[in-house]
Amino acid sequence: MKPDAYSIKEKIGVVFQDVAVFEELTVYENIDYFCGLYIKDNVRRKQYIDDAIELVGLEEFRKFYPKQLSGGLLRRLNIACGIAHKPSIIFLDEPTVAVDPQSRNNILDGIKKLRDNGATILYTTHYMEEVEIICDRVIILDKGKVLATGTTDELKEFAKIEEKVTVEVNDLEEKYIEEIKKLKHVDEVTYNGNILLVTYKKGKNNLIELIDYLKKESIKYNKIYSERPTLNDVFLELTGKELRD
């Protein structure tokens, strides 16, 4: 792409992981500057700026300077600057890193609105739960190589586990843990604190059979629930569980 290819650039929005705004400009002025790179009509630009501010929830902070904003608000401003000109393709590089839960939810809601309004979102993140919320198609990369691609349901087929059962149980004796490991279809059993996690490779009635075992041994538990593999399980399955630098 040539530096003067504005007809192409105006269709693209980029939100970097590192916040890139002007400290000497207010929230409104920052968004106005970046939007003005592509939208010259004053009336339309003002409407676009108002739309961006509303999208990221910065209505009360229009006149604030970046140094007056929290980390979460700064990231919201960063997103508003990148998408204010209403691009049809938006690149988002880990936009929720190190933000509070409220800001994170606000950011994710805003991204979903952009997607639902027709924008194509290219989203990079290490948070697999965000991928499940936002993405229609997923690519798992490791050290620059594509390990898997597909919908979330298709990728979950890569997991070598069928089901995870979590039990909240106090003071479970080692002998019971060893016996649970011998139950049908059990792949792995861990017990940390008061949480028993039983992972199954296959089978459809695993939860019922585990409940029957606990009842037979008169083991009292506070709660028990079953879940299918998550994208996080798939990611670890494909990339390995060892610590990275």
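**Salt bridges, cores and a helix end**

Trainee: Starting with Arg45: buried or exposed?
Mentor: Arg45 counts as buried, at 17% relative accessibility. The cut-offs are under 20% relative accessible area for buried, over 50% for exposed and partly exposed in between, with a 1.4 Å probe and protein chains only.

Trainee: What should I know about the model itself?
Mentor: It is a predicted model, where local features need pLDDT of at least 70 and side-chain atom pairs count only at pLDDT 80 or more, while totals for chains, interfaces and linings use all residues. Residues are numbered from 1 along each chain as its sequence is written, and side-chain values use heavy atoms, with hydrogens and water left out.

Trainee: Thanks! Which side chain does Arg45 meet in a salt bridge?
Mentor: That of Asp32, at 2.7 Å from N to O. Here a salt bridge is a side-chain nitrogen of Lys or Arg within 4 Å of a carboxyl oxygen of Asp or Glu. Asp32 sits in helix H2 (residues 27-36) and Arg45 in helix H3 (residues 42-56), so the pair ties together parts 13 residues apart in sequence. Helices (H or I, at least four residues) and strands (E, at least two) are DSSP runs, numbered from the N terminus.

Trainee: And how accessible is Asp32? What does it count as?
Mentor: Partly exposed, at 25% relative accessibility.

Trainee: How many salt bridges are there in the whole structure?
Mentor: The search finds 15. One of them joins Lys46 and Asp50, with the closest N and O atoms 3.3 Å apart. Both lie in helix H3, four residues apart, about one turn of the helix. Lys46 is partly exposed at 47%, whereas Asp50 counts as buried at 18%.

Trainee: What does Glu162 pair with?
Mentor: Arg228, again through a salt bridge, and the closest N and O atoms are 3.3 Å apart. Glu162 is in the loop between H7 and S6, and Arg228 in the loop between strand S9 (223-227) and H10, so this pair ties together parts 66 residues apart in sequence. Glu162 is partly exposed at 22%, and Arg228 is also partly exposed, at 42%. Elsewhere, salt bridges that share partners join Lys46, Asp50 and Arg62 into one network.

Trainee: Switching topic: how many residues has the largest nonpolar core?
Mentor: It has 45, and those with the most contacts inside it are Ile31, Leu58, Leu77, Ile121 and Tyr123. Helix H4 (residues 71-83) gives the largest share, seven residues. Another core, of 16 residues, lies apart from it and includes Val167, Val169, Val189 and Leu214. By definition, a nonpolar core is a set of buried Ala, Val, Leu, Ile, Met, Phe, Trp, Tyr and Cys residues joined through side-chain atoms within 4.5 Å.

Trainee: What does Ile121 touch?
Mentor: Leaving out neighbours within four places in sequence, Ile121 contacts Ile90, Leu92, Ile111, Leu114 and Arg115. Contact means heavy atoms within 4.5 Å.

Trainee: Last one: which residues of H10 are buried?
Mentor: In H10 (residues 231-239), they are Leu231, Asp233, Val234 and Thr239. Their cover includes helix H6 (128-134), strands S4 (138-142), S5 (145-150) and S6 (163-168), and helix H7 (152-156). Thr152 is found in helix H7 and counts as buried at 16%. Leu231 is among the residues that Thr152 touches, along with Glu132, Cys135 and Val138, not counting residues up to four places away in sequence. Just after H10, Gly240 takes a positive phi of about 95°.
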